[in-house]
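Good morning, and thank you for coming.

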Amino acid sequence: MQFHHHGYVSGDPRVEAAAGSGIDRPETLPEQVDVLIVGGGPAGMITAAQLAKFPNITTRIVDRRPGRLEIGQADGIQARSVETFQAFGFAGRITEEAYRISEMAFWAPDPEQPSHITRSSVALDDGGGKISEFPHLIVNQARVLDYFAEFARNSPTRLEPDYGLQFLGLDIDHGEEYPVTVTLQHVCGEQEGEERTVKAKYVVGCDGAHSGVRKAIGRKHVGKVANHAWGVMDVLAATDFPDIRTKCAIQSASGGSILHIPREGGHLFRMYVDLGEVAEDDNRQIRQTSLETTVAKANQILHPYTLNVKDCAWYTVYEVGHRITDKFDDVPPEEEGSRMPRVFIAGDACHTHSAKAGQGMNVSMQDGWNIAWKLGHVLSGIAPESLLATYSSERQEVAQNLIDFDKEWSSLMAKPAEEFEDPQELADFYVKTAEFPAGFMTEYRESMITGNTAHQSLATGFPVGKRFKSAPVMRVCDGNPAHLGHHATADGRWRLYAFADSTAPGADSRLAAWAEWLLKSQDSPVVKYTPEGSDLDSLFDVKVIYQQPHGKVDFGPTIPGIFMPKVGPFQLTDYEKVYAIDPQADIFAARGIDRQGAVVVVRPDQYVSQVLPLGAMEDLAAFFDGNLNAPRR
């Protein structure tokens with residue numbers, strides 16, 4: 001964390017100075033806003049948190065609850081989400097309080113005594129850390145929302161949710177500056193029952209599976225229920241089941257199956273208990289299954305072990321459903337290209353699936369981050385409005401891939417043990433597909449913000465369209481080890497990582513020529529697009545990684561100026577842009593980076609946009625000419 005560059009900070013450095021719309025922020029919801037977010041779940045809160053970093057944008061988030069969420073349904077935090085939390089500054093803190101999944105045990109009928117279950121195998125979660133340096137966690141959704149709320153509250157706009165407001169409807173008049181008129185109703189407090197309207201430039205609907213925003217823009221939830229029900233309970237219980245603190249997939253010979261998830265705190269755990277097939281004419285009666293019935297079913301599956309529930313924190317019954325919305329914004333297919341979207345939907349409002357793959361909250365947060373930085377850039381004048389059209393095209397494909405995966409995983413979980421040809425089939429599927437549920441299979445297609453793969457061979461470990469996979473390096477200024485990607489915070493900036501050629505630092509080289517061009521050429525995106533009067537790195541965070549160990553790289557006049565920008569009102573040098581290899585884990589070897597050097601361009605939401613040679617200045621200029629607006633001088 002960097003601070004003090006605007007003057008000495010004696011308090012919590014996470015609390016930024018109020019700026020823009022955060023100065024004298026009105027307590028009550030104003031009549032006009034730039035962005036109105038409907039729904040304070042994971043998608044809505046990450047959207048708010050990111051937009052809170054843009055002081056020139058008035059953002060408000062409304063939620064029908066009277067206050068903060070106390071008990072959330074979601075609890076699985078995949079490694080990609082923890083990676084995201086790192087950018088928002090709370091990965092370490094939430095990891096400390098969460099339950100960490102390190103392995104998964106698989107239980108099946110004992111071949112010698114089929115009425116009993118026995119442990120058949122144990123698989124390392126996340127391949128033992130090969131996929132990501134971040135862990136797979138279990139923590140209550142409410143705590144995730146708390147951390148995003150803290151980030152938003154500490155940001156320049158001092159953004160806080162407006163609770164107790166329910167969405168009723170919206171109208172769009174494209175001829176107005178604030179074209180979306182939203183009707184809300186107070187559902188608690190002194191104004192309960194009163195309606196009011198708010199005009200917005202953009203609306204983001206994060207209001208769940210029964211989204212009113214989705215219905216208001218005429219979008220359809222396409223899909224169906226799989227006619228299979230599960231009872232889900234968060235409980236404190238006395239039990240002799242030996243793997244009660246290990247994630248388990250449990251299949252019995254006659255009683256169905258259980259997905260068992262230990263929870264944070266050392267005692268609580270969640271069980272998804274198979275309630276079996278649901279008749280076509282059930283008419284939702286399965287939803288009335290009592291907790292006592294579900295506990296009895298769990299004991300049947302766990303035999304010969306027993307489960308004595310002492311307390312239940314939360315319980316529900318759900319039927320597996322797989323649905324995806326036909327489009328994630330308000331622009332009809334026949335009007336694409338002729339107008340830009342004004343209303344977006346994210347999270348459960350546009351995709352629903354089973355809970356057993358642990359994807360709902362995780363994918364929803366990536367929806368929110370995707371649309372948030374784009375809205376931030378468009379409303380700040382950094383990027384053209386056409387950027388917003390990439391949201392639906394990018395995230396709808398991700399959601400469809402999730403639906404396809406979840407159908408296979410949930411059907412395997414519900415499959416009777418005797419129907420498996422190989423008892424290891426479930427465990428093998430879990431191991432083979434580990435990268436998908438961890439959140440790392442998203443791969444965006446070529447667009448105005450994602451380039452082609454013509455030069456992918458220069459950095460094979462940073463696939464274009466996939467998230468930037470961090471790796472260890474050494475910070476030159478102080479010799480401290482660091483993870484290169486962990487320095488990238490959710491500040492809305494583009495990242496340019498320059499991997500140096502093998503020439504000694506300070507000598508004439510491809511890197512030196514590229515750095516000189518980036519700092520001084522009128523064609524350089526840094527020169528062309530950095531707002532006048534702003535710090536040199538206000539839009540582009542440019543870093544260099546040398547091939548030599550840090551002791552061979554002298555921090556001084558031999559380092560090109562683009563990697564030593566002056567920041568803040570005192571124009572102090574930022575020393576944290578220059579890195580060298582970690583001799584124990586050479587990033588060039590680990591990420592397949594060509595020894596002649598390469599440039600890796602990364603979006604504000606951590607996805608790789610482009611890989612280019614150091615000499616391809618024209619290509620780099622053309623890429624940003626296609627997705628940024630030149631500032632008014």
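I begin with an annotation: the unreviewed UniProt entry assigns residues 442-629 to "domain: Phenol hydroxylase-like C-terminal dimerisation". UniProt positions are in the numbering used here, feature names are shortened, and annotations may be inferred rather than shown by experiment. Please note that this is a predicted model, in which local features need pLDDT of at least 70 and side-chain atom pairs count only at pLDDT 80 or more, while totals for chains, interfaces and linings use all residues. Residues are numbered from 1 along each chain as its sequence is written, and side-chain values use heavy atoms, with hydrogens and water left out.

Over residues 442-629 the chain is 15% helix and 22% strand, with the end C-alpha atoms 27 Å apart. Helices (H or I, at least four residues) and strands (E, at least two) are DSSP runs, numbered from the N terminus.

Let us turn to helix α2, residues 79-87. Eight of its nine residues are buried, so the helix is largely enclosed by the rest of the structure. Buried here means under 20% relative accessible area, with exposed over 50% and partly exposed in between (1.4 Å probe, protein chains only). The buried residues of α2 pack against α1 (42-51), β3 (76-77), α3 (91-97), β7 (136-138), α4 (141-154) and α7 (360-379); contact means heavy atoms within 4.5 Å. After α2 comes G89, with a positive phi near 85 degrees.

Which residue forms a salt bridge with R80? The partner is E83, and the closest N and O atoms are 2.7 Å apart. A salt bridge is a side-chain nitrogen of Lys or Arg within 4 Å of a carboxyl oxygen of Asp or Glu. R80 and E83 are three residues apart in α2, and so are separated by about one helical turn. R80 counts as buried at 2% relative accessibility, and E83 is buried too, with a relative accessible area of 5%.

Next, the domains. The assignment, which is automatic or from a database, gives domain 1 (31-70 + 141-222 + 323-410), domain 2 (102-135 + 228-320) and domain 3 (456-626). The C-alpha centres of domain 1 and domain 3 lie 33 Å apart, and 12 residues of domain 1 are in contact with 10 residues of domain 3. Between them these two domains bury about 930 Å², 60% of it on carbon and sulfur atoms. W369, W373 and H377 supply 50% of the area that domain 1 buries against domain 3, more than any other three residues. Buried area is the accessible area (1.4 Å probe) that two parts lose on being put together, summed over both.

How many salt bridges are counted between domain 1 and domain 3? The count is one.

Now to E394. R603 forms a salt bridge with E394, at 2.8 Å between the closest N and O atoms. K374 also forms a salt bridge with E394, its closest N and O atoms likewise being 2.8 Å apart. K374 lies in α7 and E394 in α8 (residues 389-414), so this pair ties together parts that are 20 residues apart in sequence. Both K374 and E394 are buried.

R603 also meets D605 in a salt bridge (2.9 Å, N to O). R603 is buried, with a relative accessible area of 1%, and D605 counts as buried at 2%. Elsewhere, shared partners join D491, R493, R495, D537, D541, K543, D574 and K577 into one network of salt bridges. The whole structure contains 43 salt bridges.
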